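Biologist: I have a model open and want to learn how to read it. Can you take me through it feature by feature?

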Amino acid sequence: MGAVVIFTFFAAQSSVFRSVRGVANWLDPASTLGIMAVAVALLMIGGHFDLSAGVMTGTTALTVGIVSVEFGQNIWVAIAVALVLALGIGFLNGWLVTRTGLPSFIITLGTFLMLQGLNLGLTKFFTGTVSVGGIASTSGYGSAKAVFASTVTFVGSEFRIAILWWLLFTALASWVLLKTRFGNWVFATGGDEVAARNVGVPARRTAITLFMTTAGAAWFVGTTLAVRLTSVQANAGIGNELIYIVAAVIGGCLLTGGFGSAIGASLGALIFGMTQLGIVYLRWNADWFYFFLGAMLLLAVLANRLVRRYAEAARR
């Protein structure tokens with residue numbers, strides 16, 4: 001309903017927004033945001049947060065650039081190195097959370113700060129600047145662009161292939177949550193970890209897998225941005241982790257875990273994509289986007305709370 005209201009509001013005031021070209025434009029930012037929002041939603045359903053998800057997209061993008069440009073490797077080798085690095089960070093986050101018992105908020109906040117420092121320090125060390133460029137000139141770039149940054153022409157307008165990946169990831173995540181044993185484990189772990197362990201759910205393994213899933217999504221988005229832009233700034237991705245969480249919350253994920261959906265998170269990302277471009281089309285001040293971000297978060301949390309209370313009362 002929220003997505004329909006947002007679309008109707010901007011479409012009524014801007015012919016460009018409701019055109020095929022306009023749809024392609026606002027689906028583009030929604031796609032990369034949506035891929036991350038789906039992964040973050042899975043983690044939140046499992047009862048955890050990952051504040052390093054945003055900066056990790058920058059880490060993987062910088063890794064692709066540094067390994068391919070500065071080390072002269074084929075870009076697919078760089079992409080593979082970035083994937084291994086991302087999964088390693090995700091595993092470390094999950095292992096620390098499950099072994100220490102500390103809140104994931106604290107663990108991943110530490111990871112966020114460390115990655116932020118490493119991104120800047122290592123980029124300066126290898127390039128002498130705060131950015132990595134020249135990715136388009138590396139070997140294998142053409143095939144990587146076809147996978148991560150190509151376009152598909154539809155009704156005379158070009159749509160980014162990331163939109164198709166977004167739809168695929170959303171469908172896959174929905175299937176995992178609703179049709180597999182692992183999906184049951186995710187809901188059980190997020191709902192009550194102690195009770196889940198008592199009935200045989202491998203809660204620790206489930207949590208580590210979810211952290212690695214978020215890291216894998218960050219790798220995919222980071223690689224997409226590196227291949228598409230052909231240059232990466234050392235501060236890439238910083239701050240986006242909050243937007244991922246807000247998109248998941250708007251999509252129905254509870255901050256306490258145990259409830260949510262991949263489709264809802266994707267709709268949350270769609271709302272942000274439409275709003276971000278709709279404000280531009282209407283020539284409003286871009287600062288209103290952040291006002292909208294905060295307002296939607298508060299409304300979503302309040303709405304989720306009311307719905308949960310109503311559902312619990314109905315069961316009784």
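The dialogue below goes from the overall fold to single residues.

Modeller: Start with the ground rules. This is a predicted model, so local features need pLDDT of at least 70 and side-chain atom pairs count only at pLDDT 80 or more, while totals for chains, interfaces and linings use all residues. Residues are numbered from 1 along each chain as its sequence is written, and side-chain values use heavy atoms, with hydrogens and water left out.

Biologist: How many helices and strands does the protein chain have?

Modeller: Helices (H or I, at least four residues) and strands (E, at least two) are DSSP runs, numbered from the N terminus. Here there are 14 helices and four strands.

Biologist: What radius of gyration does the protein chain have, against that of a compact globule?

Modeller: The radius of gyration is taken over C-alpha atoms, and the globule rule is 2.2 Å times the number of residues to the power 0.38. For 316 residues, the rule gives a value near 20 Å. The protein chain has 20 Å, which agrees. Its C-alpha trace spans about 65 × 50 × 35 Å along the principal axes.

Biologist: What share of the residues is buried?

Modeller: Buried means under 20% relative accessible area, exposed over 50%, and partly exposed in between (1.4 Å probe, protein chains only). By that rule, 49% of the 316 residues are buried.

Biologist: And contacts?

Modeller: A contact means heavy atoms within 4.5 Å. Take the contacts between residues at least 6 apart in sequence: 76% of them join residues at least 24 apart.

Biologist: Which residues have the most contacts inside the largest nonpolar core?

Modeller: In soluble globular proteins, nonpolar side chains tend to be buried together. A nonpolar core is a set of buried Ala, Val, Leu, Ile, Met, Phe, Trp, Tyr and Cys residues joined through side-chain atoms within 4.5 Å. The largest one here has 88 residues, and Trp-26, Leu-27, Ile-75 and Phe-272 have the most contacts inside it. Helix H3 (residues 20-45) gives the most to this core, with 17 residues. Leaving aside residues up to four places away in sequence, Leu-27 touches Phe-159, Ile-163, Trp-166 and Leu-270.

Biologist: How far does helix H5 reach from its first C-alpha to its last?

Modeller: The expected span of a helix is 1.5 Å times one less than its number of residues. H5 (residues 75-100) has 26 residues and reaches 37 Å, close to the expected 38 Å.

Biologist: Which helices do the buried residues of H5 pack against?

Modeller: They pack against H4 (53-70), H6 (104-127), H7 (141-148) and H11 (203-229). Among these buried residues are Ile-75, Ile-89, Asn-93 and Thr-98.

Biologist: What does the side chain of Thr-98 reach?

Modeller: A polar contact is a pair of N or O atoms within 3.5 Å; within protein, one must be able to donate a hydrogen and the other to accept it, and residues adjacent in sequence count only if both atoms are side-chain atoms. The Thr-98 side chain reaches the backbone oxygen of Gly-94 at 2.9 Å. A polar atom of that side chain also lies 3.1 Å from the backbone oxygen of Trp-95. Thr-98 counts as buried, at 12% relative accessibility. Its contacts, not counting residues up to four places away in sequence, include Arg-204, Ala-207 and Ile-208.

Biologist: What sits at the ends of H5?

Modeller: At the start, a side-chain oxygen of Asn-74 comes to within 2.8 Å of the backbone nitrogen of Trp-76. Just after H5, Gly-101 takes a positive phi of about 80 degrees.

Biologist: How many residues of H13 are buried?

Modeller: In H13, 15 of the 20 residues are buried, so this helix is largely enclosed by the rest of the structure. Ser-261 caps its N-terminal end, with a side-chain oxygen 2.9 Å from the backbone nitrogen of Gly-264.

Biologist: Where does Arg-283 lie?

Modeller: Arg-283 lies in the loop between H13 (262-281) and H14 (288-315). Its phi is positive, about 60 degrees, although it is not a glycine. At 79% relative accessibility, Arg-283 counts as exposed.
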